[in-house]
Amino acid sequence: MSPQQGIEHVTDKRIRQTLVRMTLIGLAYYAGAWIGVHQTITPEGIAVLWPPNAVLLAAFLVLPFRQWPAVAVAALCAELAADLPSFPLPAALAFGLINLLETSVAAWLIRHFTGGEFSFRHLRNGACFLLFGPLLSSTVAALLGAGVYLALGRADSSYLMLWRLWWFGDALGLLLLTPLFVTLWQRLASRHPLRFSLAGGAELLLLWVATVLIGMLAFVQDTPTQLSFHFSPILLVPLGIWSALRFGVAGATLTVSLIASLAVGHLTRGIYPYPGIEPQDAVWVTQEYLAIVAVLSVGLAILLHEIAQQRLTLIRQDNELKAQNSLLEARIAERTADLEHANQALQQANTQLEKVATTDFLTGFPNRRHFETQAQRELNRLALDQSKAALIMFDLDHFKSINDIHGHEAGDAVLRELVAPVQAALRPSDLFARLGGEEFVILLSHANRQQARHVAERIRDALGALEIVQGTTRIHVSASFGVAQWDGSADLHRLIQQADMALYRAKGSGRNCVMT
Ligand SMILES: Nc1nc2c(ncn2[C@@H]2O[C@H](COP(=O)(O)OP(=O)(O)OP(=O)(O)O)[C@@H](O)[C@H]2O)c(=O)[nH]1
């Protein structure tokens with residue numbers, strides 16, 4: 001299908017739809033007018049309710065604005081068809097225009113103040129309908145309609161009486177039938193027009209059977225000789241409430257319509273419900289009664305629907321909130337895990353950094369800086385205890401020659417391998433560090449000069465026995481030692497200086513010896 005053909009197809013479909021709707025509305029309007037004239041007029045000539053305007057208002061409420069002119073034409077034709085046998089053309093035209101004005105103004109105001117798609121599902125919509133429909137538009141239309149009646153010269157009533165007749169009939173028609181038509185229209189247009197369970201159907205049947213039975217008794221003016229119990233129309237109110245509670249707006253509008261048809265059926269046959277009052281007043285009271293039943297039942301149904309909707313919205317919002325909460329919790333857990341991970345990595349990096357900062361990279365033993373910190377702390381502790389300590393410094397002999405002869409790598413290997421025998425000669429509490437180059441230092445806690453000298457000799461022997469294998473070469477080393485006794489007050493640097501001077505003397509005395 002080409003785009004042009006597509007557009008034509010859509011246009012044809014719209015025209016067809018509009019024509020079908022015009023026909024349906026015209027027929028419904030005509031049927032309403034016929035029922036209004038033939039089925040709702042009491043022997044006193046009072047039209048209890050006027051249905052065609054309810055058809056028109058429902059159409060204006062549910063159809064798009066662009067279809068309003070078609071609706072108006074259909075309604076006008078139907079009005080003329082219904083009126084012309086009994087009224088002259090100008091009067092029929094005037095009635096049609098008044099009805100159109102009443103319903104279109106009401107629909108425009110209702111839709112303007114409710115916004116969006118209209119339905120009897122919100123209290124605001126119900127209130128706007130009540131205000132702008134039966135209360136406002138019908139009142140004003142009745143002023144015009146009564147004027148036309150008076151102008152025709154056929155009425156034997158006063159203008160005020162004619163206005164009241166018109167208003168009550170119109171308003172009651174709108175009140176009882178517009179919610180029914182709108183709700184049924186929307187039900188039929190929806191995907192699931194009828195959703196009924198067997199139990200629900202049975203309950204509805206019971207409700208309507210009860211309504212018919214009570215209605216047959218309630219709208220009859222009984223005399224004391226008939227029944228000792230007076231069936232008042234008030235007995236039907238609980239049934240209206242029942243329908244609202246159990247069957248929503250659709251059920252309530254149908255039940256109210258059933259009650260209305262029972263009431264109207266009796267009134268038109270000259271049977272009046274209220275004992276002791278004039279027939280005309282009984283009609284007024286019945287009209288008021290029907291209006292109250294309609295407002296109560298349909299209003300309650302709308303209120304319940306709105307509460308249920310709000311409950312659903314709350315549940316949905318609550319679920320969304322819960323979902324967002326769990327999402328948030330998951331994110332927080334994720335972030336916390338990330339943070340813990342980062343924290344661990346940071347701690348590892350810190351430990352690594354601290355190790356690098358305090359360790360000699362070649363031997364893996366404390367470096368000078370770390371030794372100085374540790375040793376100073378140890379001396380402070382020993383000073384408090386008034387304990388002894390001694391310091392050994394040793395330096396490999398002719399290390400330069402090892403580097404020169406065997407290479408720097410071999411020199412490194414010597415430095416690495418001497419650590420184990422030195423450590424083996426020490427206690428775990430002794431502090432051993434590489435000061436730099438081929439120079440090492442040892443702090444011996446609780447040791448005097450003599451004990452330190454023994455340790456130094458033990459290390460010297462161990463180093464002398466050390467054989468470092470480099471390929472085919474075997475390297476032997478010796479070291480010179482300087483020992484200093486801590487005097488308990490001198491600081492670490494002075495102690496190192498004294499040991500260094502002793503070491504210097506050892507070097508001067510031919511090396512491979514211990515000097516104190
Ligand atoms: N392989 C190697 N050599 C080092 C390292 N640190 C210092 N040296 C070398 O150690 C040597 C020290 O030489 P000197 O200070 O002359 O001392 P010596 O040759 O041991 O002579 P005396 O101490 O007087 O017996 C230098 O050649 C430095 O380059 C190191 O980490 N690895």
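Which residues line the largest cavity? I found T18, R21, M22, I25, L63, Q67, A70 and V71 there.

I noted the basis next. This is a predicted model, where local features need pLDDT of at least 70, side-chain atom pairs count only at pLDDT 80 or more, and totals for chains, interfaces and linings use all residues. Residues are numbered from 1 along each chain as its sequence is written, and side-chain values use heavy atoms, with hydrogens and water left out.

I then wrote down the terms. On a 1 Å grid over the protein atoms alone, a cavity is a set of points where a 1.4 Å probe fits but cannot get out; a pocket is an open set with protein on both sides within 12 Å along at least five of seven lines; lining residues have an atom within 4 Å of a point. A volume is the space filled by probe spheres set on the points, which are joined across faces, edges and corners.

Cavity. I found one of 30 Å³ or more. The largest cavity has a volume of about 30 Å³. α1 (3-39) gives the most to its lining, four residues. Helices here are DSSP runs (H or I, at least four residues), numbered from the N terminus.

Largest pocket. I read a volume of about 1000 Å³. It is lined by 38 residues, with R121, T183, R187, F247 and A250 nearest its centre. α8 supplies the largest share, nine residues.

Second largest pocket. I read about 880 Å³. Of its 33 lining residues, I41, G45, A47, F87 and Y149 are the closest to its centre.

How values were computed: Helices (H or I, at least four residues) and strands (E, at least two) are DSSP runs, numbered from the N terminus.
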